[in-house]
Amino acid sequence: MLKQKNLILVGAPGAGKGTFSTYLQSLQPLAHISTGDMLREEIRKGSECGKEAARLMDAGQLVSDELVVAMIEIRLGKSDCDGGFILDGFPRTVRQAELLGGVLSRLGRSLDRVILFEAPEELLIRRLTARSSCLACGATFNALFLPPKKTGICDHCGGELSQRPDDSQETAKKRLLVYAKQTAPVIAYYVQSGKLLRITETDKKEIEAILLRELNA
Ligand code: AMP
């Protein structure tokens, strides 16, 4: 039995946070918490915060720290997080990281590891612009390493695949700039805690081996 872990996955858009969250969940029943997915759900529901988030997300900007931290506090309070969780795409600013500290102590939870995925910028752009997801069930594909069996059609439900508006070449570049400016400082924040694991490999199998060791540690 692998150990229960509370993890943060950090990395630029396209670095593999979503892909490796799925891998980690295949090893251990960890709750996968993606603030990007939660915000897209708010947009689908047409809620007020979804409307505000859509404007910023389409422009490749971050939504407010207060909004995402409030969503995270509710989500981390749920019982499925008792067996361990993966935070994917949160925190994205030093302010969010600071506020997360308070949320975790209020909930009596703690962090085991912050895993940073690094990859060269041209690879990130190639990956982002190759991504697509199913309009019906939300399954994700990537023309580079996880192509659907039939172009434009979801393998799981036969739904139509489409590119996320913020994965266009122009917006992907903006998101990488936002990452360098607002999210990269989060790495220094966690280096100080001694919990950072930096992954610079780009080969999927090598990364999976590192993650497996981490869950065994
Ligand atoms: P993702 O799916 O993680 O790539 O996130 C897509 C978009 O959602 C980002 O470009 C931001 O606009 C927004 N977003 C997701 N997570 C956060 C966060 N922790 N803080 C602020 N904005 C976020």
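I number residues from 1 along each chain as its sequence is written, and side-chain values use heavy atoms, without hydrogens or water. In this predicted model, local features need pLDDT of at least 70 and side-chain atom pairs count only at pLDDT 80 or more, while totals for chains, interfaces and linings use all residues.

Helices here are DSSP runs (H or I, at least four residues), numbered from the N terminus. Nonpolar means Ala, Val, Leu, Ile, Met, Phe, Trp, Tyr, Cys and Pro; charged means Asp, Glu, Lys and Arg; the others, Gly among them, are polar.

**Ligand oxygens.** I checked N or O pairs within 3.5 Å. A backbone N or O atom of Gln61 sits 2.6 Å from a ligand oxygen. For a polar side-chain atom of Arg175 I read 3.0 Å to a ligand oxygen. The side chain of Arg164 places an N or O atom 3.2 Å from a ligand oxygen.

**α2 and α4.** I then turned to helix α2 (residues 35–45) and helix α4 (residues 65–76). Their axes, lines fitted to C-alpha atoms over the stretch in contact, come within 11 Å and cross at roughly 100°. The two are therefore roughly perpendicular (65 to 115 degrees, on a scale from 0 to 180 between N-to-C directions). Thr35, Met38 and Leu39 in α2 meet Leu67, Val68, Met71, Ile72 and Arg75 in α4, with contact meaning heavy atoms within 4.5 Å. I note six nonpolar, one polar and one charged residues in this contact.

Notes: Parallel < 35°, antiparallel > 145°, perpendicular 65-115°, else oblique. Polar contact = N/O pair within 3.5 Å; in protein donor to acceptor, adjacent residues only side chain to side chain.
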